[in-house]
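Hi,

Here is the structure I promised to pass on to you. Have a look at it first, and then read my notes below.

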Amino acid sequence: MSDISQTNISVGLHDLERGLLSSLTTLPCCVFVCINVIMLFTLRSKSVFREPCRYILLYNLVLADTLQMAVSQILYMMSICRITLPYPVCGILVMFANLTNEISPLTLVLMSLERYVAVCYPLRHATIITIRNTEVAIITIWIFCSLNILIRVLLLLEFPFEELQSLQLKRYVCNTFLLFLTPVSHEYDKAYTCFLFVSAFVGVTCSYVGVMLAARSASTDKASARKARNTLLLHLVQLGFSLSSTVNNALLLLTSKTVSNRVSVLIQNALYVLLFILPRCLSALIYGLRDQTIRPILVYNLCCQLKLLAVTAEAKIYP
């Protein structure tokens, strides 16, 4: 799967440069995490958001993205601060980050199928897409992804850890590469990643084609079909962003061989923000601003938080 902490901090960078880079990366991450947390609060603040299945799926998507951002930022800050971790601790953090990373594309498939049923089978939508069925589908996704993590752990057990002099990492960076201790682990990771995203792409694309065909039918609500089509296009874009993170490792390897160490670090930081942090906030921004029901409440909650921060800052300046 994707490389979680993407920044191999060079010892050639001065402390000031490393501090500046970490600030430029940490600030947007904190902002995006706050937006996602407010979005999660919004989706649980009103009963109108707790019952429709599409909001339940959206909550699961934003929750997975928020956890992914938080864990990635923890690993990033450990790399910045040059903290070395034991293999077991690094493994747990990376496995959890991989788990949340896999939840997002599968949740997008469920959201696409929900829109497909809403347009193509409007009379049966209420009986097919129920709260119980949605919760079962979400639990199934988490169990499926957890089984993948279990398989990765079992593959790691084949490595002779007893031959190591120490379980402490020799590098400051804790990432997925460190878990590819055997060729089988690496091959399994590539096969599973390919299966996951191909399946997700096929699911979202088939839903989009189904909605497009239904839109040509005279009995279909044209406005509803057009809105569902636009939503599915956004799902494809989100899936593309998730897929782009999987090519990050190849880009890191390429830059490390073609440019200087300092330039490579700058590129790695930029890729970390563009491929890992920014896409994790798109769900909250896209649905929060597009949905007419969510938008006013989300904007209200965001404004309240900004006012609270301003009042707190003013109180510290003028006690």
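Is aspartate 65 buried or exposed? Aspartate 65 counts as buried because its relative accessibility is 3% (buried means under 20% relative accessible area, exposed over 50%, partly exposed in between, with a 1.4 Å probe and protein chains only).

Before going on, please keep in mind that this is a predicted model, in which local features need pLDDT of at least 70, side-chain atom pairs count only at pLDDT 80 or more, and totals for chains, interfaces and linings use all residues. Residues are numbered from 1 along each chain as its sequence is written, and side-chain values use heavy atoms, with hydrogens and water left out.

Now to the charged pairs. Side chains of opposite charge can pair when their charged atoms come close. A search of the whole structure finds five salt bridges (a side-chain nitrogen of Lys or Arg within 4 Å of a carboxyl oxygen of Asp or Glu). One of them joins aspartate 65 to arginine 280, at 3.5 Å from N to O. This pair links distant parts of the chain, with aspartate 65 in helix H3 (residues 53–80) and arginine 280 in helix H10 (residues 261–290), 215 residues apart. Helices here are DSSP runs of H or I, at least four residues, numbered from the N terminus. Arginine 280 is buried, because its relative accessible area is 3%.

Another salt bridge holds arginine 152 and aspartate 189, whose closest N and O atoms are 3.0 Å apart. Arginine 152 sits in helix H6 and aspartate 189 in helix H7, 37 residues apart. Both arginine 152 and aspartate 189 are buried. Salt bridges with shared partners join Glu102, Arg152 and Asp189 into one network.

Helix H6 (residues 131–156) also contains leucine 150, which counts as partly exposed because its relative accessibility is 46%. In helix H7 (residues 183–215) you will find valine 202, also partly exposed because its relative accessibility is 41%. The C-alpha atoms of valine 202 and valine 109 are 8.9 Å apart, although 93 residues separate them along the chain.

Finally, look at threonine 26 in helix H1 (residues 15–45). Threonine 26 counts as buried because its relative accessibility is 17%. Its side chain makes a polar contact with the side chain of glutamine 73, at 2.9 Å (a pair of N or O atoms within 3.5 Å; within protein, one must be able to donate a hydrogen and the other to accept it, and residues adjacent in sequence count only if both atoms are side-chain atoms).

Enjoy exploring!

How values were computed: Helix = DSSP H or I, 4+ residues; strand = E, 2+ residues; numbered from the N terminus.
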